[in-house]
Amino acid sequence: MTTSSGAVGVAEPIRVLVAKPGVDGHDVGAKLICRALMEAGMSVVYTGLRQSPEAIATAARDHCADVVGLSIMSGAHLPLCEKVAASLKQAGMDHAKLIVGGVIPARDHDALAKLGASAVFGVSATLDEIVKWVEHNGRRTS
Amino acid sequence: MSSEREHASPVTWDSGIAIKPVYGPGDAPKSVDGDGEPGEFPYTRGIHPLMYRKRPWTIRQYSGFGTAAETHERFLYLIKHGNTGLNVAFDLPTQCGLDSDDAMADGEVGRVGMAVDTLADMEEAFDGIDLNQITVSLTINGAAVPIMAMYFAMADKRGFPLRELRGTAQNDILKEFIGRGTWIFPVEPSLRLVGDTIEFCAREVPHYSPVSVCGYHIRESGATPAQEMAYGLAIACAYVEHVRARGLDVDEFAQGISFNFDIFGNLWEQVAKFRAGRRLWAKIMKERYAAKNARAMQLRMIAGGGGGGLTVEQPLNNLVRSAYYALASALSGTQTMALCSYDEAYTIPSEQAARLSLRTMQILMHEVGACDTVDPLAGSYFVEATTSEMEAKIRAIMGNLDAEGGIVRAIADGRAQADVNRQAYERQRRIDRGEIKRVGVNCFADDEAEPDVEFHPYRREKADEQVARLGKVRATRDAAKVAQTLDALTRAAREGRNVMPAAMDAVKAYASVGEVCGALKTVFGTYKEPVRF
């Protein structure tokens with residue numbers, strides 16, 4: 001795992017965990033997003049490939065994540081999100097904002113929202129859009 | 001006139017080659033004279049004397065989903081419509097060495113490819129298909145040992161002698177660590193397993209190509225075309241050196257190493273990449289490894305239209321892109337061609353989309369004249385000059401890799417991955433800023449909503465069916481024989497013997513992919529990713 005701390009002397013950086021649930025090995029996009037968030041000054045941990053929902057929840061807790069981003073290309077986003085959301089809750093991490101990116105058809109967006117996803121970024125999303133969303137919505141309000 | 005040329009807006013390829021507005025006799029490199037005829041060393045002009053005038057390229061669309069029965073049906077459909085080879089997509093659990101009833105496989109069984117647990121699935125998938133007429137390519141890497149063993153066992157049981165069997169396995173594990181990610185074991189034992197398959201095939205399945213080295217996925221992960229070729233050739237050299245160290249001569253096994261490259265983006269850059277790559281591979285095999293067998297020096301490839309060029313936006317544009325990629329592939333002298341279908345940026349291709357990909361290649365083959373003559377671009381001042389510049393670029397990148405300890409070390413400590421990731425990031429930023437043009441995405445984009453796209457349905461009941469089928473095989477096979485063959489496999493792995501004969505015995509006893517990989521894991525352990533940025 002890799003950590004990059006944000007700039008010193010400003011507000012605490014937003015803490016993000018980027019995770020690859022399931023067995024999909026395509027993580028070019030996940031790594032692009034990690035880098036973009038790091039450049040925006042956030043503290044980012046990337047889990048690496050093939051993470052179980054429990055491992056993702058544990059990593060989120062260890063990193064005190066404000067945001068948990070899942071990258072899913074295989075089409076298994078609905079079952080995987082459901083399991084990760086349940087694991088986050090069990091780990092007491094359901095305050096973290098869950099966001100999902102990847103190859104995700106528009107018709108599944110509502111279902112993902114019901115499972116607890118705060119935002120869904122499809123293939124057309126730009127890095128700046130994602131960074132802006134996390135900057136505006138990622139910080140814990142409580 | 002010359003000052004006008006100097007003021008032309010600059011053009012530089014991704015590979016870092018600056019392109020002049022006009023090329024002439026002074027630009028054509030002298031080395032072209034040494035290129036020889038097609039079918040002659042160093043094979044710049046193609047590996048066969050008559051190329052497509054003797055036999056057009058093989059059409060091998062990538063396909064597979066759901067259960068073996070569903071995939072079998074799609075195979076028959078593709079063959080009926082003119083596929084002359086098959087390229088099997090396995091689902092992610094199979095690729096990662098997990099059985100369909102493994103907890104990590106839940107939700108993924110049969111989703112992006114065919115689920116294979118035991119020999120029974122392999123038998124069903126190829127039932128009735130003449131393996132002498134249709135050559136089969138297995139897109140399998142981490143789990144290559146059980147899947148190749150199952151394919152060979154299936155062919156053997158159906159009476160196709162292994163000594164005559166043709167076909168290809170992807171089995172390029174080193175690139176999986178850079179992109180695609182279906183690794184299982186750590187880097188060193190993974191390399192050894194590839195060595196076992198090469199050695200086994202050299203002795204037992206001599207017409208089979210046990211490895212297809214993939215620049216493709218490295219390019220898709222962010223590499224430039226020059227890097228794609230350089231990394232691909234460097235990885236191929238790593239396999240060659242590993243097997244030579246076992247005492248085999250390159251002329252005995254190197255003909256079994258083929259290649260898989262990516263096509264998207266600039267047409268001419270692809271042509272230069274392939275012509276240069278063929279020339280350089282021939283020279284490396286001859287000069288560095290003292291190959292004498294012509295087949296060991298020939299770069300044989302599948303060159304396909306890659307997903308990296310396709311867009312979710314305005315998906316029908318992908319049809320047009322794919323046609324140009326197919327043209328680039330034909331102009332580059334490929335042996336086998338495949339095209340990503342227009343809907344493949346977001347789903348498993350529909351039958352209609354898969355058929356359009358076939359038709360694209362058939363129109364090129366039968367209507368447009370792509371097969372008329374060998375290496376039609378040879379002798380062009382521009383193409384010859386850029387072929388030589390590309391060769392120099394590839395050589396330089398390979399030289400740097402060697403100077404820094406070689407490709408295997410670069411992969412093991414994560415440097416290769418970090419380099420490719422950084423470039424992918426820079427490329428994405430350039431796309432976001434509009435510096436790299438993507439028609440329909442960052443220019444000529446529509447405001448109107450995207451047309452509805454047809455998604456391949458995922459049928460949960462098919463996954464349940466697969467799990468039940470595996471359960472039935474487990475219940476009916478000879479359990480003692482499974483345990484005994486798996487134990488023999490573990491011993492072969494531990495004692496440094498070639499694992500393939502023992503793996504064949506195990507899969508013939510209907511040991512599963514997960515059980516075979518599990519036995520190997522007890523000896524080799526599993527890979528831990530060095531995540532570096």
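Start with helix H3 of chain A, and with its residues that are buried: His77(A), Leu80(A), Cys81(A), Lys83(A), Val84(A), Ala85(A), Ser87(A) and Leu88(A). Keep in mind that this is a predicted model. What do those buried residues pack against? Their partners in chain A are helix H2 (53-62), strand S4 (67-72), strand S5 (97-102), helix H4 (109-114) and strand S6 (117-121).

As for the spacing, an α-helix has 3.6 residues a turn, so residues three or four places apart point the same way. Just after the helix comes Gly92(A), with a positive phi of about 70°.

Now chain A as a whole. Its secondary structure amounts to five helices and six strands, and from the N terminus the order reads β-β-α-β-α-β-α-β-α-β-α. A compact globule of 142 residues would have a radius of gyration near 14 Å, and chain A agrees, because its own value is 14 Å. Along the principal axes, the C-alpha atoms of chain A fill a box of roughly 40 × 35 × 25 Å. Of its 142 residues, 58% count as buried. If you take the contacts in chain A with a separation of 6 or more, 75% are between residues 24 or more positions apart.

A word on confidence. Chain A has a mean pLDDT of 91, with 92% of its residues at 70 or more. Where in chain A is confidence lowest, and where is it highest? The lowest is strand S1, residues 2-4, with a mean of 48, and the highest is strand S2, residues 15-19, at 98.

Next, the place where the two chains meet. Chain A puts 30 residues into the contact and chain B puts in 32. On the chain A side, helix H1 (28-39), H3 and helix H5 (127-137) each supply at least two residues. H1(A) gives the largest share, five residues. By type, the chain A side has 14 nonpolar, 10 polar and six charged residues.

On to chain B. Here the secondary structure is 21 helices and 12 strands. The box filled by its C-alpha atoms is roughly 85 × 60 × 50 Å along the principal axes. Buried residues make up 53% of the 533. Among contacts in chain B between residues at least 6 apart in sequence, 77% join residues at least 24 apart.

Inside chain B there is an open sheet of five strands, in the order S4-S5-S6-S7-S8, with parallel pairing. S4 and strand S8 (208-209) of chain B are at the edges with a single partner strand each, so one side of each has no neighbour in the sheet. Strand S4 of chain B, residues 62-63, is joined to S5(B) by two bridges. In one of the pairings, Tyr62(B) has Asn87(B) of S5(B) as its bridge partner.

Is S5(B) buried or exposed? Five of the five residues of this strand, 85-89, are buried, so S5(B) is largely enclosed by the rest of the structure. Both faces are covered, with Gly85(B), Asn87(B) and Ala89(B) buried on one side and Leu86(B) and Val88(B) buried on the other.

Helix H7 of chain B is residues 187-204, and its 18 residues should span 26 Å at 1.5 Å a residue; the end C-alpha atoms are 26 Å apart, which agrees. Its buried residues include Leu191(B), Val194(B), Ile198(B) and Phe200(B).

Last, some backbone details. Most residues other than glycine have a negative phi, and most peptide bonds are trans. Arg180(B), however, has a positive phi of about 95°, and sits in the loop between helix H6 (173-178) and H7 of chain B. Arg180(B) counts as buried because it has 25 C-beta neighbours inside 10 Å. Ala290(B) also has a positive phi, near 55°. Ala290(B) is exposed, with 12 other C-beta atoms within 10 Å, and belongs to the loop between helix H11 (267-288) and helix H12 (294-297) of chain B. Finally, the peptide bond between Phe41(B) and Pro42(B) is cis, with omega about 0°. Pro42(B) is in the loop between strand S2 (18-19) and strand S3 (58-59) of chain B.

Terms used
Residues are numbered from 1 along each chain as its sequence is written. Chains are lettered from A and ligands numbered from 1 in the order in which they are written. This is a predicted model: local features need pLDDT of at least 70, side-chain atom pairs count only at pLDDT 80 or more; totals for chains, interfaces and linings use all residues. A residue is buried if 20 or more other C-beta atoms lie within 10 Å of its own, exposed if 12 or fewer, and partly exposed in between; C-beta atoms are placed from the backbone. Helices (H or I, at least four residues) and strands (E, at least two) are DSSP runs, numbered from the N terminus. Two residues are in contact if their C-beta atoms, placed from the backbone, lie within 7 Å. Ala, Val, Leu, Ile, Met, Phe, Trp, Tyr, Cys and Pro count as nonpolar, Asp, Glu, Lys and Arg as charged, and the others, Gly among them, as polar. pLDDT is the predictor's confidence in each residue, from 0 to 100. Two strands pair if DSSP finds at least two bridges between them. The expected span of a helix is 1.5 Å times one less than its number of residues. The radius of gyration is taken over C-alpha atoms; the globule rule is 2.2 Å times the number of residues to the power 0.38.
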